[in-house]
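Visitor: Could you take me through one part of this model up close, and then show me how the rest fits around it?

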Amino acid sequence: MTAGTGQTIRDRVAQFLKENRSDIERAWAATPVFTARRPADAAEECAELLTGLRHVIETGGEEDPSADGLATVRPVLASLAARSAGGPSGSDRPDVTVLKGPLLRLWREQDLPEDIVHSGDLVLSNVLNTLRIALLEIELSAGAETILAQRAQLTELSTPVIKLWDGILAIPLIGTLDSTRGQVATESLLEQIVAHQARVAILDITGVTAVDTLVAQHLLKTAVAARLMGAECIISGIRPQIAQTMVQLGIDLGEVATRATLADAFARALGIIGLTVRPDERAAG
Amino acid sequence: MSATSVVELQDVLLVTIQGELTDEDAMALQEELTTNVARSSARGVLIDVSGLDLVDSFLARTLHDIAGASALLAAETVVVGMRPEVAITLVELGLTLPGLGTALTVADGLDRLNGSARRR
């Protein structure tokens, strides 16, 4: 087929899209992609989508996901992608391939010569495939952005170092400790030990969901590094189940002091720096 | 370039290490210190490593040896002022310096040697 014929076909298909737009829009609005929307919104999105696709076909960019016409339907695609991000993935996500069936059915009902019907089929299939690629691209980039932002937030969240008393620091560890988060926590703890001239550092693992050999190894390393700097480390918040798991795994924290609760660890820390807490007799009397 | 100085503070030897320490320097330091401890019958040795940004396995072993030799001469060894990055590196290398006393600052180290209340 020559380029000239290709252009003729494209013109014919574009004309078909223009003449039958209300039929096509009605058929599309009934597909699962749009039924979740309010009818008015669905009609508007279908119309925009159709105009964009016609433009793509007229300019011959039906195999190029970055074509001009697709740029105009990007807002619609972004809204489709945003809906899929909220819902469960897999079969429930909007899939623009369901638009192909009604469109091709209407095209074949046009009562045209067979070779034009076949060529037109090809053009329409191509443009919808390209549309699908564009939608996937948008979904993927949106997902990647979300993941990056959340990872940064997690790292920030994971490492508050709290000063409990002159010379006593606590670092509450929360969630799952992977190697990056563990390293950030260790480094900020050691830096704060120097900054506050802390004699005791409490590693509180109340919020840690699971302690495996890797996490235990990490806690141990942090404790030893703190000792090398001249500070003592206490590990607190070991829940009974975690204590049992650690014993079963054969984890030995060696000479690192451990306490059940942060309060116990704090009492021990006060003892190390030579302070005691006692009732105020005046207040009691 | 490295500069080490040994200062006698009553019955404690204060050793300050500045800059990088080569293996020869480390060995010389070990010999000088042991001689000094024996001569002055010092009760304690404080090694200030806050000026060191690199501690290798040889230096770690030397510190361990110094502590061992000093203990034989009835002196306690305390390493003070180790930087966080140095501490992390040593731990990653598996050099945990067992049996070596540590303290945050020289003052803390002196407190520790004097066995006084560990309060600043």
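Guide: Let's start with helix 11 of chain A, residues 262-272, whose buried residues are Ala265(A), Phe266(A) and Ala269(A). These three span an arc of only 100° around the axis, so they sit on the same side of helix 11 of chain A; the arc is taken from the directions that run from the helix axis to the C-beta atoms. An α-helix has 3.6 residues a turn, so residues three or four places apart point the same way. Here, buried means that 20 or more other C-beta atoms lie within 10 Å of a residue's own, exposed means 12 or fewer, and partly exposed is in between, with C-beta atoms placed from the backbone. Helices (H or I, at least four residues) and strands (E, at least two) are DSSP runs, numbered from the N terminus.

Please keep in mind that this is a predicted model: local features need pLDDT of at least 70, side-chain atom pairs count only at pLDDT 80 or more, and totals for chains, interfaces and linings use all residues. Residues are numbered from 1 along each chain as its sequence is written, while chains are lettered from A and ligands numbered from 1 in the order in which they are written.

What do the buried residues of helix 11 of chain A pack against? Their partners are strand 1 (162-165), strand 2 (168-175), strand 3 (200-208), strand 4 (232-236) and strand 5 (257-259) of chain A. Contact here means that two C-beta atoms, placed from the backbone, lie within 7 Å. After helix 11 of chain A comes Gly274(A), with a positive phi near 80°.

Ile202(A) also belongs to the largest nonpolar core, which has 69 residues; Ala201(A), Ile202(A), Met229(A) and Ala87(B) touch the most other members. Such a core is a set of buried Ala, Val, Leu, Ile, Met, Phe, Trp, Tyr and Cys residues joined through C-beta atoms within 7 Å. Helix 9 of chain A (residues 213-228) gives the most to this core, with eight residues. A second, separate core has 29 residues, Ile24(A) and Leu131(A) among them.

In all, 17 residues of chain B are in contact with 18 residues of chain A. On the chain B side, helix 3 (84-92) and strand 5 (101-103) each supply at least two residues, and helix 3 of chain B gives the most, with five.

Chain B has four helices and five strands, and along the sequence they follow the pattern β-β-α-β-α-β-α-β-α. Strand 3 of chain B (residues 44-51) is mostly covered, with six of its eight residues buried. Strand 3 of chain B pairs in the parallel sense with strand 2 (residues 12-19) of chain B over six bridges, and likewise in the parallel sense with strand 4 (residues 76-80) of chain B over five bridges; pairing requires at least two DSSP bridges. Within the second pair, Ile47(B) stands opposite Val79(B). Strand 3, helix 2 (residues 57-72) and strand 4 of chain B make a right-handed β-α-β unit: with the strands pointing away from the viewer, the path from the first strand over the helix to the second runs clockwise.
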